[in-house]
Amino acid sequence: APSPRAIPAAELAARIEALGGRAEPADTIPAAVARTDALAAGGPAAALGTLYFSGEVREAVEKQKAFQKLQADVEMGWQSAKESGWLSLDEVEKQLL
């Protein structure tokens with residue numbers, strides 16, 4: 001639950017930008033992680049909040065990484081299928097057994 005001591009995200013972002021930083025508030029932690037991934041381009045990023053909040057951010061980052069890996073694997077599979085042809089269900093089952 002939000003703390004009565006917390007600074008609203010938009011106000012905190014404005015303060016950070018006033019000091020020369022780059023900040024952008026988000027409505028949800030997953031949305032912030034996705035946006036940070038686009039803005040930071042692999043560079044450092046910070047998430048400000050409580051220890052509980054930090055745990056939620058870490059979980060969202062791990063999910064984002066897993067999703068990106070899945071997307072890359074699917075793309076690699078599509079490319080392989082285009083170049084080498086598709087496997088039948090029997091061929092897939094032979095590979096798995």
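**The aromatic pair and its surroundings**

Tutor: The protein chain has 4 helices and 0 strands as its secondary structure (helices are DSSP runs of H or I with at least four residues, strands are runs of E with at least two, and numbering starts at the N terminus). Its pattern along the sequence is α-α-α-α. This is a predicted model, in which local features need pLDDT of at least 70 and side-chain atom pairs count only at pLDDT 80 or more, while totals for chains, interfaces and linings use all residues. Residues are numbered from 1 along each chain as its sequence is written, and side-chain values use heavy atoms, with hydrogens and water left out.

The overall form comes before the detail. The C-alpha atoms of the protein chain occupy a box of roughly 60 × 30 × 20 Å along the principal axes. The radius of gyration of the protein chain is 20 Å, whereas a compact globule of 97 residues would have one near 13 Å (the radius is taken over C-alpha atoms, and the globule rule is 2.2 Å times the number of residues to the power 0.38). Of the 97 residues, 8% count as buried (buried means under 20% relative accessible area, exposed over 50%, partly exposed in between, with a 1.4 Å probe and protein chains only).

Now the part you asked about. The whole structure contains 1 aromatic pair. It is formed by the rings of Trp78 and Trp86, whose centres are 5.1 Å apart and whose planes stand at 85°, so the pair is edge-to-face. Two quantities describe such a pair of aromatic rings: the distance of the centres and the angle of the planes. Rings of Phe, Tyr and Trp (its six-membered ring) pair if their centres lie within 6.5 Å; planes under 30 degrees apart are stacked, over 60 edge-to-face, and the rest tilted.

Trp78 belongs to helix 3, which covers residues 51-84. With a relative accessible area of 45%, Trp78 is partly exposed. Trp86 has 61% relative accessibility and counts as exposed.

Both tryptophans also contribute to a nonpolar surface patch of about 580 Å², which they make together with Phe67, Leu70 and Val74. Patches are made of residues with over 30% relative accessible area and no salt bridge; like charges are joined within 9 Å, and nonpolar side chains (Val, Leu, Ile, Met, Phe, Trp, Tyr) within 5 Å. The areas come from the Shrake-Rupley method with a 1.4 Å probe, and for residues only the protein chains shown count as cover.

Helix 3 also carries a charged pair. The side chains of Lys69 and Asp73 form a salt bridge at 2.8 Å, N to O (a salt bridge is a side-chain nitrogen of Lys or Arg within 4 Å of a carboxyl oxygen of Asp or Glu). Both residues sit in helix 3, 4 residues apart, about one turn of the helix. Lys69 is exposed at 52% relative accessibility, and Asp73 is partly exposed at 35%.

This bridge belongs to a total of 4 salt bridges in the structure. Another joins Arg15 and Glu11, at 2.7 Å from N to O. These two residues are separated by about one helical turn, being 4 residues apart in helix 1 (residues 9-18). Arg15 is partly exposed, at 45% relative accessible area, as is Glu11, at 36%. Glu24 and Arg35 form a further bridge, also listed at 2.7 Å, N to O. That pair links distant parts of the chain, 11 residues apart: Glu24 is in the loop between helix 1 and helix 2 (29-40), and Arg35 is in helix 2. Glu24 is partly exposed at 43% relative accessibility, and so is Arg35 at 39%.

Finally, the chain end. Helix 4 covers residues 89-96 and includes Glu91, which is partly exposed, with a relative accessible area of 36%. The Glu91 side chain comes to 2.6 Å from the backbone nitrogen of Ser88. Leu97 lies in the segment after helix 4 and is exposed, at 89% relative accessibility. The C-alpha atoms of Leu97 and Val33 are 38 Å apart, and the two residues are 64 residues apart along the chain.

Methods. Polar contact = N/O pair within 3.5 Å; in protein donor to acceptor, adjacent residues only side chain to side chain.
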